[in-house]
Amino acid sequence: MRNDDGDQRKFAGMKRRRFLAVMGGALAAPGLAAFERSPESALIIGAGIAGLAAARTLTGRGTRVQVIEARRRTGGRIHTSRLWPDAPADLGASWIHGTRGNPLTALARGAGAETLVTRYDSAALYINPDLDGIGVRGRGTAWASNLVERALAAAEDADADMSIRDAVERISPARERSPVRTAQLEHYLAGAFEQEYGGSVRELSAWWTGADEEFGGNDVLFPRGYSQIIDHLSQGLDIRLDARVAHVRWGGRDVEIELATGERLRADRVIITVPLGVLKQNAIRFTPALPDDKQTAIERLGMGLLNKHFLRFRSAFWPVDTDWHECLKRQPGRWSQWLSMARAGAPVLVGFAAGDDARQVETRDDRAIVSEPMATLRTMFGSATPEPIATQTTRWSRDPYAFGSYSFSAVGSRPADRTALARPEAGGRLCFAGEACSREYPGTVHGAYLSGLAAGEA
């Protein structure tokens, strides 16, 4: 059985860790004079929650800090759309996952942000008629979860990592399963893994997926938007928007960053908080090149994709006291999971598409995207289901400041990759932060936040 610097793989209980939308890959507003030096100065690339946490930490210690952000807004992968003023839509991160002991809980309280508990046991199941016709009568969650846990336990003793799909096929080949069991298994894999981690089960590591830590307590979302946290953290900080970093030179006594405009800024230290997807695209040059183990970590870790599709109706036609509506269908990764925003006061259903399905959906225009989920909703709620009066959709893999939603443990990666990515270089002159740098809480807002605090300390 393999280990990772003494770590034992722990298959955590699954919680839907929905989306963290994409950050801004480094930047600034034009026309600003060169960053003035002080006895101790720092540049932070990215105004997502990791960058803001690092900035507040350093500012509190007397360091002169400037945050450089590529987007024209703060927040990165936390992005609340105000297109519908009475119904804010969190296009990126939605939840605090586990409120007990979670630092985001105190942040929300400090920001005066209202929260709303959502429960995964508040769920209704709808079975597509063609599956009902072959005898599918329920989710089969107990059977499917038991099968997957046995498959992952067996994979523990393999000589090499493998995908979750391969681990399952080893102990339960598709040819030996009934159509009913196959439908239930695929529904489980789509909900518990692909829509949880943003990667296909063909990509997710059987050794390390689910090995992260969790906070206890309820999951809560923000009826008035997650950006309340960002606004709270941003107060008093020097943040420069609409400026993309193209080059980081960190080999000398100082660190120098070059913007896409050619402008150069210098400081004693720099903290890079761009998403893993931006690093994978080599959107920022580093001179000298990053150490081999950092580059290896960037290459081995996966960048997941989870897109949201908000459908607003004139009024709610679904049971408003139920948080989740699931459709067990032959294509389980598309439109099989729906979150009702009715308890938050909005006649809105949010559908999800993850991994390969999400990439395929992204190629369509908004109007074409709506037709397929509406067909699913009419299967669930009847042919009289009305058309939405407005929609919003995300395309995170096509966002040049994200190239995806959040990181996942791909086959062949390991927790030590995240440690290598987070390790300070050059005596702390070059640091990285963000959810991909969090060994304990990858893919989460709280992981990003804690990573930013750690980088500030470093």
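Helix α6 covers residues 179-197 of this predicted model. Helices here are DSSP runs of H or I with at least four residues, strands are runs of E with at least two, and both are numbered from the N terminus. The 19 residues of α6 should span 27 Å at 1.5 Å a residue, and its end C-alpha atoms lie 26 Å apart, which agrees. The expected span is 1.5 Å times one less than the number of residues. α6 also bends, by about 35° at A190. That bend is the angle between axes fitted to the seven residues ending there and the seven starting there. Most of α6 is covered, with 15 of its 19 residues buried. Buried means under 20% relative accessible area, exposed means over 50%, and partly exposed is in between, using a 1.4 Å probe and protein chains only. After α6 comes G198, with a positive phi near 80°.

Because the model is predicted, local features need pLDDT of at least 70 and side-chain atom pairs count only at pLDDT 80 or more, while totals for chains, interfaces and linings use all residues.

Next, the helix pairs. The axes of α4 (residues 141-155) and α5 (residues 164-171) come within 8 Å and cross at roughly 100°. α4 is therefore roughly perpendicular to α5. Axes are lines fitted to C-alpha atoms, for helices over the stretch in contact, and angles run from 0 to 180 degrees between N-to-C directions. Under 35 degrees counts as roughly parallel, over 145 as roughly antiparallel, 65 to 115 as roughly perpendicular, and the rest as oblique. From α4, the residues L147, V148, R150, A151, L152, A154 and A155 meet I164, A167, V168 and I171 of α5. Contact means heavy atoms within 4.5 Å. By class, this contact has ten nonpolar residues, one charged and no polar. Ala, Val, Leu, Ile, Met, Phe, Trp, Tyr, Cys and Pro count as nonpolar, Asp, Glu, Lys and Arg as charged, and the others, Gly among them, as polar.

Another pair is α2 (residues 103-111) with α13 (residues 445-457), whose axes come within 9 Å and cross at roughly 90°. That makes α2 roughly perpendicular to α13. P103, L104 and L107 of α2 meet V445, H446, Y449 and L450 of α13. The classes here are six nonpolar, one polar and no charged.

Now turn to F432, in strand β22 (residues 430-432). It counts as buried because its relative accessibility is 3%. Leaving out residues up to four places away in sequence, F432 touches I272, L279, F286, L290, K294, L421, A422, C437, S451 and A455. T287 is 145 residues from F432 along the chain, and their C-alpha atoms are separated by 15 Å. T287 is joined to P288 by a cis peptide bond, with omega about -5°. P288 sits in the loop between β14 (285-287) and α9 (292-300).

Two further loops hold positive phi values. F403 is not a glycine, yet its phi is about 55°. Its loop runs between β20 (390-393) and β21 (406-408). F403 is partly exposed, at 26% relative accessible area. A426, also a residue other than glycine, has a positive phi near 55°. A426 lies in the loop between α12 (415-422) and β22. With a relative accessible area of 25%, A426 is partly exposed.

Definitions and conventions:
Residues are numbered from 1 along each chain as its sequence is written. Side-chain values use heavy atoms; hydrogens and water are left out.
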